[in-house]
Amino acid sequence: MDLGIAGKWALVCGASKGLGYGCAQALAGEGVNLVINARNPEALADAAARLAALPGAGKVIAAAADITTPEGRAAVLSAAGGPGVDFDIVVTNAGGPPPGDFRDWDRDAWIKAVDANMLTPIELIKATVDGMAARGFGRIVNITSSAVKAPIDILGLSNGARSGLTGFVAGAARSSIAGKGVTINNLLPGKFATDRLQGTMQAAASKTGKSIDEISEASMKQIPARRFGNAQEFGAICAFLCSQHAGYMTGQNILPDGGLYPGSF
């Protein structure tokens, strides 16, 4: 299926690996021009080279910066040679805060989590959404977490910050921009084979005294699909949400999870 977005400009955050890279890979395959962001310059440069080598890929610009800071956002938003309003597609994706016991988190830990996983996406939306509306096309996809719908006890920082973003998007997506061709949706990944999942399982192993293999096997048995997801299939969902075909879908929380969590009926 031709997604109808070849030649458009997309910003993909956290794109050096994992789910962010999967989204960038799917968009590059559709001929979208990319600005990809992550903090590690070497890993990001390697990702950019791989993306640029894909058949049909457009331009790929690596913008290494801390997207959670005003200076980092300014650098990334201008990386394509123009202001942030030039982006037609924005995929927000910040690494989740560390797992742990809520009794151990001080105010600084909470502020850091909210800044990265709620306020940073909101700032990126603010910087780009009016330009999208003026041009009559825009797609914003926030990579959050299935913990928004099914909170996980050791991920309280993520549960709180990402739920805040979800509430904001519910209103913003249904504002006047909805009638101007701009959509905002959230992708709530379940258990995908990423470094993040590995870290969560390591925390669970430490808490329970079980091995990583035992935790992994038990986790997969809970998933009706009997496996963890992969970055490529996640990226394909993201690319569809960014496409011309998804213009009637906005303000939604999409839950790719292999059937683990009940849907809302």
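Contact here means heavy atoms within 4.5 Å, and the angles quoted between elements run from 0 to 180 degrees between N-to-C directions. The model on display is predicted.

**The sheet and its covering helices**

Begin by selecting helix H4, residues 107–135. H4 lies across S1, S4, S5 and strand S6 (182–187), and its direction makes about 165 degrees with that of S5.

Now hide the helices and display the strands. The sheet is open and has seven strands, in the order S3-S2-S1-S4-S5-S6-S7, with parallel pairing. Strand S3 (60–64) and strand S7 (253–254) stand at the edges; each has a single partner strand, so one side of each lacks a neighbour in the sheet.

Select S1 and S2, which run parallel and are joined by five bridges. Within this pair, Val12 stands opposite Ile36 of S2. On moving to S4, one finds that S1 and S4 pair in the parallel sense over three bridges, and that Val91 is the bridge partner of Val12 in S4. Continue to S5: four bridges link S4 and S5, again in the parallel sense, with Arg139 of S5 as the bridge partner of Ile89.

Remain on S4 and show its side chains. In a regular strand the side chains alternate between the two faces of the sheet. Here Ile89 and Val91 point one way, while Val90 and Thr92 point the other way, and all are buried.

**Helix H1**

Select residues 18–29. How far apart are the end C-alpha atoms of H1? They are 17 Å apart, which agrees with the 16 Å that the 12 residues should span at 1.5 Å a residue. H1 is mostly covered, with nine of its 12 residues buried; among them are Leu19, Tyr21, Cys23, Ala24 and Leu27. To see what covers these buried residues, display elements including strand S1 (9–13), strand S2 (33–38), helix H2 (41–52), strand S4 (89–92), strand S5 (138–143) and helix H8 (231–241). After H1 comes Gly31, with a positive phi near 80 degrees.

In soluble globular proteins, nonpolar side chains tend to be buried together. The largest nonpolar core of this model has 33 residues, and Leu27, Leu34, Ile36 and Val91 have the most contacts inside it. At least two residues of this core come from each of S1, H1, S2, H2, S4, S5 and H8. Its largest share, seven residues, is supplied by H1.

Centre the view on Ile36. Leaving aside residues up to four places away in sequence, Ile36 touches residues including Val12, Ala24, Leu44, Leu51, Val60 and Ile61.

**The cysteines**

Finally, select the cysteine sulfur atoms. How many disulfides does a search of the whole structure find? The search finds zero. Cys238 is in no disulfide, and the nearest cysteine sulfur, in Cys23, is 3.4 Å away. Cys238 is buried, with a relative accessible area of 0%. The sulfur of Cys242 lies 4.2 Å from its closest cysteine sulfur, that of Cys238, which is too far for a bond, since a disulfide requires sulfur atoms within 2.5 Å. Cys242 also counts as buried, at 0% relative accessibility.

Terms used:
Residues are numbered from 1 along each chain as its sequence is written. This is a predicted model: local features need pLDDT of at least 70, side-chain atom pairs count only at pLDDT 80 or more; totals for chains, interfaces and linings use all residues. Side-chain values use heavy atoms; hydrogens and water are left out. The expected span of a helix is 1.5 Å times one less than its number of residues. Buried means under 20% relative accessible area, exposed over 50%, partly exposed in between (1.4 Å probe, protein chains only). Two strands pair if DSSP finds at least two bridges between them. A nonpolar core is a set of buried Ala, Val, Leu, Ile, Met, Phe, Trp, Tyr and Cys residues joined through side-chain atoms within 4.5 Å.
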